[in-house]
Amino acid sequence: MHILVTNDDGPPSPTSSPYVHSLVRELQKKGHVVSVCLPHTQRSWIGKAHIIGQTVKPLYYRPSETFDPSPSAASKAQGATYTRPSKNSKEEEWILVDGTPASCAQIGLHHFFQDKGPIDLVVSGPNYGRNTTAVFALSSGTLGGALEAAVCRKKSIALSYAFFSRNHDPIIIDGASRHSVRVIEKLYAQWPTDKSVDLYTVNVPLVEGVEVRKTLWTNVLQNYWGDSGACFEEVEGNIVDEDEEEERIREGEESKASNGFESKGDGDSGEGHQARYAHRHFKWAPKFTDVYKSVEEAPPGNDGWAVKEGFTSVTPMKANFCHAATELHGEELTLDASDTQGIAMPMSTLIYRPKQHFYALIAYEDPYVQPLILAALRKLFPPESYTLLSMPKPAVPNEPVSLSKLLPSNDNSHILQITPYEAIDWDYVASHPETCLVNSYMLRKALIRKHYLSATVEQWVAKRPDSVLKTHVKRSEAFELDYAEFLDDALVEAFDLRASLERNAEAEQGHETEWWILKPSMSDRGQGIRLFSTMEELQGIFDEWEADQPDSEDDDDDGAMAGDADAAGGREHSAATGGITTSHLRHFVAQPYIHPPLLLPGPGNNRKFHIRTYVACVGSLDVYVYRQMLALFAGSEYVAPGSSTSASASASTGTGRAAHIDLEAHLTNTCLQRSVRDGTVQRFSALPLDRGAQDALFAQICAVTGEAFEAAARAMRMHFRPLPNAFELFGLDFLVDETRTPWLLEVNSFPDFKQTGDELSGLVQGLWEEVLGRAVGGFFEGGDGGAGAGAKRGHGKAEDDGGEPEQLVLVRRVDLGR
């Protein structure tokens with residue numbers, strides 16, 4: 001299990017938190033994955049509170065391997081606290097939060113530890129002292145942490161150790177922790193499936209032989225404070241140290257008011273006037289005499305009685321302070337044998353497999369690519385080293401495939417999944433970081449959505465003005481627009497764009513016009529791309545789109561616009577429509593049109609082209625560029641936008657000069673060309689460019705690619721998060737201008753390989769061979785999945801060795817400290 005541990009006593013301390021270290025170590029010994037998020041200091045008696053208006057800040061605690069809980073070790077350094085997280089991902093580190101136990105549960109569940117997979121159970125404790133009876137339970141921070149987890153729909157257990165002596169015997173504490181782990185595992189294994197129980201509160205007495213004593217189902221004893229009910233004592237002057245007071249309260253010792261001195265502050269009455277209230281301080285000083293008396297006088301069966309008798313108490317609860325499963329009260333919870341190795345798991349009936357055996361679910365759903373991936377797999381790995389799995393029938397479209405149901409009942413099975421993004425079981429991926437490898441990252445819209453890519457580059461270049469991205473990515477104007485009539489408002493902050501359009505509108509005949517290209521941010525395969533040079537032309541484009549949309553609100557599903565950006569945005573592998581869908585009409589980017597482009601010499605080559613570069617990212621994070629690039633040509637000869645020879649009535653859009661632009665001469669996406677001609681897709685290496693020019697372009701593309709992915713990984717961490725157990729192929733498009741500078745246009749996830757054509761399918765298969773060799777070979781043959789793991793296997797030789805150059809070139813290794 002992945003268990004989150006929190007408490008209300010703070011980090012390990014012989015004086016205030018002597019038990020949590022022992023419990024964590026016992027859970028780890030049983031093979032559980034343990035994550036720890038604790039208050040940075042003692043937070044007892046605070047219940048299920050959150051401190052509003054406070055910015056909660058974490059510290060990072062690195063525990064010692066062992067811990068001495070005896071009071072004599074109070075001055076001994078055991079563990080260390082730091083203000084910044086460790087860069088060593090293998091170093092054990094706990095999170096300390098300057099908040100409440102409930103806040104720790106929230107932050108631990110939702111903001112840390114995602115790399116370890118989903119959290120199965122939250123354990124709050126062990127509390128330094130009992131939490132039996134209503135008086136203690138209602139104010140308990142330990143129960144508060146468990147209750148917060150329960151209302152977050154997580155199974156949770158509040159655990160408290162009832163001590164009878166300040167002499168913290170490590171042997172007794174370790175015995176209580178071993179016993180607690182058995183109770184925790186048993187409760188989790190038989191957790192009711194009818195939602196009748198949200199959490200359990202468990203109280204373990206610190207007595208010798210607790211592991212062989214009974215564990216009983218109990219109710220919480222209803223009791224009350226004494227007749228006076230006063231839990232605060234009036235004091236004058238200075239108050240003694242709160243931590244010292246807390247230690248005395250734990251012993252049930254009645255606090256003494258300290259002698260102090262009278263003080264006068266602003267507002268104190270002067271001589272001759274008597275204030276309505278005497279000025280005094282109040283110190284927390286609860287009197288437990290009546291609380292303990294209520295336990296003595298109560299009949300057997302409640303939690304207070306069980307602990308008093310040396311038994312462990314277990315109380316099922318709902319997250320509303322109500323008892324649950326009351327039919328169990330008074331019965332014994334039968335535990336597994338003390339030498340159990342955790343929760344029993346079904347044994348695998350599979351025959352023996354080779355050490356490097358893995359399962360492979362290959363279902364790319366593209367008839368062009370699927371056989372190429374399978375061929376690459378057969379070429380790289382012997383047949384006995386893997387077993388192909390079939391997609392379940394019937395598989396629900398756009399729904400994840402449950403790998404846990406597809407695999408045999410063996411949690412250690414290695415699995416390779418190459419499927420569409422929507423079919424990836426992300427919960428399984430997160431919970432099996434060392435055995436499951438998938439062909440996509442979960443978060444990557446910092447690159448694949450055009451307006452996010454613009455923001456990524458802008459942030460990176462602002463801090464690094466010498467970055468290669470500054471001279472290889474056109475600055476974009478990103479804006480949002482729901483209705484065409486609000487275009488002017490949408491461009492309020494697009495200063496460069498507005499200034500350019502105004503200059504163009506006011507220019508005299510013959511003035512050189514600065515053209516712009518409009519791209520819907522979430523469109524793919526060139527859909528919705530338009531050219532414009534004035535505000536009138538841009539307004540005409542949006543008016544035309546709006547006129548084409550259905551009138552019924554039911555047909556215009558806003559939900560599609562707010563869908564999974566990582567699944568949809570920037571994805572090339574989808575159906576083409578030639579127009580633009582409603583779901584794309586919200587986010588837009590406008591960029592200066594790159595003119596003039598590089599046009600190749602020779603007859604018939606007077607066509608614009610862009611370079612398609614395949615990029616492989618492996619783990620977290622190695623970035624590779626595939627040397628075999630493609631050149632994709634426009635369908636007709638290039639003419640400058642707005643020139644007298646660019647008119648084409650069949651392709652007119654918008655108003656003004658933009659209405660007569662032949663987009664077929666400007667767009668190089670083969671899927672949009674009305675008359676795809678021979679030679680539309682060519683190997684880049686076959687272009688009529690000398691070797692030096694090709695090498696120079698390739699070097700620039702490698703530099704830009706590495707910089708772009710590092711920019712996303714470091715500057716946009718919320719929107720690009722490489723996973724150690726994942727790899728992904730991207731298609732990057734570059735347009736080369738006449739100075740032979742390649743400009744990055746866009747980044748596509750799940751690139752549309754079939755545009756390569758049957759003649760060049762070997763190029764795509766070679767790509768998959770290289771990528772699977774790096775990613776799969778590195779991961780299943782001992783790689784840790786982190787940065788550098790993908791470099792364990794390659795097929796090319798360095799040119800210095802006299803062999804063929806590496807086909808998959810490592811252009812950036814980004815150490816993200818994960």
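Buried means under 20% relative accessible area, exposed means over 50%, and partly exposed lies in between (1.4 Å probe, protein chains only). This is a predicted model, in which local features need pLDDT of at least 70, side-chain atom pairs count only at pLDDT 80 or more, and totals for chains, interfaces and linings use all residues. Residues are numbered from 1 along each chain as its sequence is written, and side-chain values use heavy atoms, with hydrogens and water left out.

**View 1. The whole chain.** The chain holds 20 helices and 27 strands. Helices (H or I, at least four residues) and strands (E, at least two) are DSSP runs, numbered from the N terminus. Of the 818 residues in the chain, 53% are buried. Take the contacts with a separation of 6 or more: residues 24 or more positions apart account for 77% of them. Contact means heavy atoms within 4.5 Å.

View 2. Most residues other than glycine have a negative phi. Trp 45 has a phi near 65 degrees, a positive value. Trp 45 sits in the loop between strand S2 (33–39) and strand S3 (58–62). With a relative accessible area of 24%, Trp 45 is partly exposed. Lys 195 also has a positive phi, near 65 degrees. Its loop runs between helix H5 (170–189) and strand S8 (199–205). Lys 195 has a relative accessible area of 66%, so this residue is exposed.

**View 3. Helices H13 and H19 in contact.** Two packed helices are described by the angle between their axes and the distance between the axes. The axes of H13 (residues 450–463) and H19 (residues 691–715) come within 9 Å and cross at roughly 90 degrees. Therefore H13 is roughly perpendicular to H19. Axes are lines fitted to C-alpha atoms, for helices over the stretch in contact, and angles run from 0 to 180 degrees between N-to-C directions. Angles under 35 degrees count as roughly parallel, over 145 as roughly antiparallel, 65 to 115 as roughly perpendicular and the rest as oblique. H13 brings Thr 456, Gln 459 and Trp 460 to the contact. H19 brings Glu 707, Glu 710, Ala 711, Ala 712, Arg 714 and Ala 715.

View 4. H15 covers residues 495–506. At 1.5 Å a residue, its twelve residues should span 16 Å, and the end C-alpha atoms are 17 Å apart, which agrees. The expected span is 1.5 Å times one less than the number of residues. Leu 497, Arg 498, Ser 500, Leu 501 and Asn 504 are buried. Seen down the axis of H15, the buried residues fall within an arc of 165 degrees, so they line one face of the helix. That arc is taken from the directions from the helix axis to the C-beta atoms. On the other side of H15, Phe 495 and Glu 506 are exposed.

**View 5. Thr 613 in strand S21.** Thr 613 is found in strand S21. Its relative accessibility is 0%, so Thr 613 counts as buried. Leave aside its neighbours within four places in sequence, and Thr 613 is in contact with Val 625, Met 629, Ile 701, Phe 730, Gly 731, Leu 732 and Phe 734.

**View 6. Two cis peptide bonds.** Pro 596 lies in the loop between strand S20 (587–592) and strand S21 (609–618). Another cis bond joins Ser 620 and Leu 621, with omega about 15 degrees. Leu 621 is placed in the loop between S21 and strand S22 (622–626).
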